[in-house]
Amino acid sequence: MGMLSRVETFLERLFEAPAGRMGATLQPVSIARRLERAMDSNKSFQDDGVVVPNQYEVHLSPPDYQRFAPRRGSLEDDLAHGLLARTRHERYILVARPRVQIVSDPAVRRGDARIAANVVDEEGGRLRADVPMPGMSDTMIFAPVRGDEQPPDSAMRAYLLVRTDGGSPVQFDLGGPLITIGRASDNDVIVDDVQVSRHHCQLKLQHGAYSFADLGSRNGSLVNGQPVSEIALGPGDVIRIGGTVIDFQVRG
């Protein structure tokens, strides 16, 4: 941690922690600021650019944890979305989409928040500092495809039919290297379904074919009726997320 970061942390505790002791209520915006500081304080410089943590644990006192518990899942989604937006704005590199977990910690004072930030692979394993970071092609949506790179013909022929709560199907043509699906407005496919997470799942183009991956959603994902975290897709496969059914098809 640099000198500036240490000074910011000292001032933060000097002015914010006493407020917690005097009965002030910890707000989500304060947690979001702590997360942003943790991201900046734990960044590392690699050949491809600046790599930042993608896994964050927010440690709260038991009373604060209980106050957020009824909406913990949606708050974790919102905080992760904020980190994603900051990553894009600062042009940082992530090895996987950021995830935030709020935990109860008796060692934390009421009104305070402690952040643990790590870089982990897609299976959740922590990456050591002496291990090279994955290449840019594995950094999810943060590795833009060059304009002169054309997707294969099979990808250009792929499309989705999306139906929510039995409504009329809406067609989405694919062709891009990464298609994100969820309730948030920055997804490629936006689903108006309260059972779907803000960033629920993604379709990723690999070796000319699409694979499906759940992004740690609250309610999970089904492909052809079976719970999945990641699977290769073929024409006619049926994805279900919440009350939404998605047919994956490829034109002949």
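1. Helix α2 passes helix α4 in a right-handed crossing. A crossing is right-handed if the near helix is turned clockwise from the far one by less than a right angle, and left-handed if anticlockwise. This is a predicted model: local features need pLDDT of at least 70, side-chain atom pairs count only at pLDDT 80 or more, and totals for chains, interfaces and linings use all residues. Residues are numbered from 1 along each chain as its sequence is written, and side-chain values use heavy atoms, with hydrogens and water left out.

2. α2 covers residues 28–41 and α4 covers residues 72–90. They pack at an angle of about 45°, with axes 10 Å apart. Axes are lines fitted to C-alpha atoms, for helices over the stretch in contact, and angles run from 0 to 180 degrees between N-to-C directions. The two helices are therefore oblique to each other. Angles under 35 degrees count as roughly parallel, over 145 as roughly antiparallel, 65 to 115 as roughly perpendicular, and the rest as oblique.

3. Which residues of α2 meet α4? They are P28, I31, A32, L35, E36, M39 and D40. On the α4 side stand L75, L79, L83, R86 and T87. Contact here means heavy atoms within 4.5 Å. The residues of this contact divide into eight nonpolar, one polar and three charged. Ala, Val, Leu, Ile, Met, Phe, Trp, Tyr, Cys and Pro count as nonpolar, Asp, Glu, Lys and Arg as charged, and the others, Gly among them, as polar.

4. The chain has five helices and 16 strands. Helices (H or I, at least four residues) and strands (E, at least two) are DSSP runs, numbered from the N terminus. Of the 252 residues, 42% are buried. Buried means under 20% relative accessible area, exposed over 50%, and partly exposed in between (1.4 Å probe, protein chains only). Take the contacts between residues at least 6 apart in sequence: 60% of them join residues at least 24 apart.

5. Six strands form an open sheet in the order β7-β6-β16-β15-β12-β13, with antiparallel pairing. Two strands pair if DSSP finds at least two bridges between them. β7 (170–173) and β13 (226–228) stand at the edges. Each has a single partner strand, so one side of each is left without a neighbour in the sheet. The twist averages 30° from one strand to the next.

6. Look next at β16, residues 244–250. Seven bridges join β16 to the antiparallel strand β6, residues 158–164. In these bridges L161 is paired with D247, and Y159 with Q249. Five of the seven residues of β16 are buried, so this strand is largely enclosed by the rest of the structure.

7. β16 also pairs with β15 (residues 238–241), in the antiparallel sense, over four bridges. R240 stands opposite V245 in β16. The hairpin of β15 and β16 has two residues between the strands. There G242 takes a positive phi near 60°.

8. Two loop residues deserve a look. S61 lies between β3 (55–60) and α3 (62–68). Is S61 buried or exposed? S61 is buried, with a relative accessible area of 2%. Leaving aside residues up to four places away in sequence, S61 touches D105, V108, R109, R110 and G111.

9. T25 sits in the loop between α1 (3–21) and α2. T25 counts as partly exposed, at 45% relative accessibility. T25 and R110 are 85 residues apart along the chain, yet 8.7 Å separates their C-alpha atoms.
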